[in-house]
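Dear colleague,

Please read the notes with the structure open beside them.

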Amino acid sequence: MEELTTSPECYVEAVTFIPDSVDVLAPSSILDTITAAHTTPIHLPMLSEHYSSEVALSKMRGVKFIPERVAMKVKVDTYTEKVVEVPIRGVNFPEDVDLKTFPSKVKVVFRVGMAKFKTVSADDFEISVDYNELPTSESQKIRLSLNGVPEGVSNVRIEPSEVDYLLEHLHGME
């Protein structure tokens with residue numbers, strides 16, 4: 001495949017070939033060097049919906065592929081934006097120090113395909129403040145960290161990216 005692009009609001013979710021393997025007839029000296037069968041050049045610009053076609057396999061001197069053509073299916077999905085509210089979690093805090101943030105939850109805004117829209121939730125994200133990275137100055141705001149992004153999610157933003165915070169020292173802890 002040479003060129004496969006989608007319109008800006010779409011992405012290629014999967015490309016499959018049927019069959020996914022072919023028989024190769026060739027002298028053993030050539031057969032030992034073949035690791036894949038390639039399709040003839042394909043130009044599919046600006047796809048915005050699923051595409052199916054039969055494509056020929058590229059010819060190689062002294063080689064016969066069986067079958068010589070395969071079915072190609074391109075599954076295209078549309079991006080959409082989703083917003084979830086995620087609680088802020090303190091990590092590496094001593095037992096006698098409690099973190100209070102204002103707000104206590106932030107919005108996570110991201111791009112996801114329609115096929116995965118319902119399966120990605122706030123539980124798939126973790127927003128944290130690391131005790132070891134607290135500013136040493138008397139700053140009233142702390143930058144938030146996003147720990148990992150679920151598969152199929154892109155263009156992630158945290159709103160707001162900084163929050164006010166207060167450290168509460170707990171007394172009587174043993």
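How many nonpolar, polar and charged residues does the lining of the largest pocket have? Please keep in mind that this is a predicted model. Sorted by class, the lining of the largest pocket is made up of 11 nonpolar, 4 polar and 1 charged residues. The space in this largest pocket comes to about 250 Å³, and among the 16 residues that line the largest pocket, those closest to its centre are Asp20, Ala36, Ala37, His38 and Leu57.

Turning to the strands, there is an open sheet of 3 strands, which follow the order E8-E14-E11 with antiparallel pairing. Strand E8 (97-102) and strand E11 (141-143) are the edge strands, each of them pairing on one side only, and neighbouring strands of this sheet are turned against each other by 50° on average, with direction ignored. As a general point, the strands of a sheet pair through backbone hydrogen bonds. In this model, E8 and strand E14 (residues 162-169) are joined in the antiparallel sense over 6 bridges, and Asp98 stands opposite Glu168 in E14.

Some side-chain contacts with aromatic rings may also interest you. Arg111 lies over the face of Tyr79, at 3.7 Å from the ring centre, while the charged end of Lys82 sits over the ring of Phe117, 4.6 Å from the centre of that ring.

With best wishes

How values were computed:
Residues numbered from 1 in each chain as written. Predicted model: local features only at pLDDT ≥ 70, side-chain atom pairs only at ≥ 80, totals over all residues. Heavy atoms only, no water. Lys NZ or Arg CZ within 6 Å of the ring centre and 35° of its normal. Pairing = 2+ DSSP bridges. Helix = DSSP H or I, 4+ residues; strand = E, 2+ residues; numbered from the N terminus. Axes fitted to C-alpha atoms, helices over the stretch in contact; angles between N-to-C directions. 1 Å grid on protein atoms, 1.4 Å probe; cavity = no way out; pocket = protein on both sides within 12 Å on 5 of 7 lines; lining within 4 Å. Points joined across faces, edges and corners; volume = space filled by probe spheres on them. Nonpolar A, V, L, I, M, F, W, Y, C, P; charged D, E, K, R; others polar.
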